[in-house]
Amino acid sequence: MAFWKTKAAGTETVVKKKKPVWREWLDAALFAIVAATLIRTFFFEAYTIPTGSMEGTMLVNDYLFVSKLAYGPRVPMTPLAVPLVHNTMPITGGKSYSESVKGGYHRWWGFGKVERNDVVVFNYPAGDTVLLENPESGDYYREVRMYGRENVMSRYTIISRPVDKEENYIKRCVAVPGDVLEIKNGRIAINGEPNQLYPHSKLNYLVKTNGKVPLMADEIEQPYPIGGGQYIYNLANDQVEAARKAPNVVSVDLYLNCPAGASPKDPGEWVFPHDTANFKWNRDNYGPMTVPKKGATVALTPQNIALYRRIIRNYEGNTLDEQNGKILINGKEASSYTFKMDYYWMMGDNRHNSLDSRYWGFVPEDHIVGKAWFVWLSYGEGGMFKDMRWRRLLHGIHSLEK
């Protein structure tokens, strides 16, 4: 810092040199960036609902705040990154972070833990390997199942991402560590008890008519006709009874694309753990299956190893080999495994239009970002100035569930 010194009446007076305007603006900008980064990392973060997987609780173009304090802020595992940017540079593209410095998983104290039925933002577990040309909607593992690894490698540029730079997803936590989850004909049971139903949660229904077009309420989405006077409607729970009473409607039944005890023929529709020989599961008939809990030990067999491969190898950092019916972990034969982390089961409220844990499995605790808090802005397809959803503004997630 530069100073001017002058003498006045036998005393020495120090006069501070004024900063130039550009320097004042630069200091203010740096302070704002640092403050925003700290708030975003340790307190709360803005998030946008990009798809309809959480309809009708959350809608496309809902802008909400996510609380990092709810479960405790996660210390950045990839600290060298461009401030206020997630994983890709705006405009220019390319990585917005450097992996030259990596940290382990640490979470500070929070107000609680993830609870059943919380709406949670987390890093997409299958997003550790990404198709560069289609990073947000292209699922590398699904593409490999459908077309084979060699075809995928020849068509796309494949990159990997660290945990905290994987894409952010938002779903409802339907099962916590230690829960036994089962889905029967589209209905979830946790530990043998029916899971809570929310009025705005959606499922696909088969609507049979008397041959005429059904007359539904205006707020019900347009159907998909399948012939013979039958239609598939995506209905919220609180719309089903009204649909049954609508003119020209004969019956309304849950639409199941695959019967119990069968796996879909299309590999793109296979559900986790993608082992159709040992797990005859589908999106509407799944389990029973226990969600892994930290410290719990599970027996390992060739018949159930598919459930735990990603946990052992990808999430908890071990080597895993399978040779002649034997399972080797870190080079040693193993008949059991003890989990190092808690895991969660996440599903979208729009159950038949959601890529969730049924397709890619468990969400490890180190992938948890925060808890959905409240909506601060929301608008429809007409845009912010023409289609503002005033009734959703400044509403908490729990109030929107009702």
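Me: In which strand is asparagine 234 found?
Reply: A word on the ground rules: this is a predicted model, where local features need pLDDT of at least 70 and side-chain atom pairs count only at pLDDT 80 or more, while totals for chains, interfaces and linings use all residues. Residues are numbered from 1 along each chain as its sequence is written, and side-chain values use heavy atoms, with hydrogens and water left out. Strands (E, at least two residues) and helices (H or I, at least four) are DSSP runs, numbered from the N terminus. On that basis, the run at residues 230-236 that holds asparagine 234 is strand β14.

Me: Is asparagine 234 buried or exposed?
Reply: Buried means under 20% relative accessible area, exposed over 50% and partly exposed in between, for a 1.4 Å probe and protein chains only. Because its relative accessible area is 9%, asparagine 234 is buried.

Me: Which side chain makes a polar contact of 3.0 Å with the side chain of asparagine 234?
Reply: A polar contact is a pair of N or O atoms within 3.5 Å; within protein, one must be able to donate a hydrogen and the other to accept it, and residues adjacent in sequence count only if both atoms are side-chain atoms. A polar atom of the asparagine 234 side chain lies 3.5 Å from the backbone oxygen of leucine 203. The side-chain partner at 3.0 Å is asparagine 204.

Me: What is the phi of asparagine 330, in the turn between β19 and β20?
Reply: β19 also pairs with β20 (residues 332-333), antiparallel and over two bridges, and leucine 328 is partnered there by glutamate 333. In the β18-β19 hairpin, two residues separate the strands, and asparagine 324 in the turn has a positive phi of about 50°. The β19-β20 hairpin likewise has two residues between its strands, and for asparagine 330 the positive phi is about 55°.

Technical notes: Two strands pair if DSSP finds at least two bridges between them.
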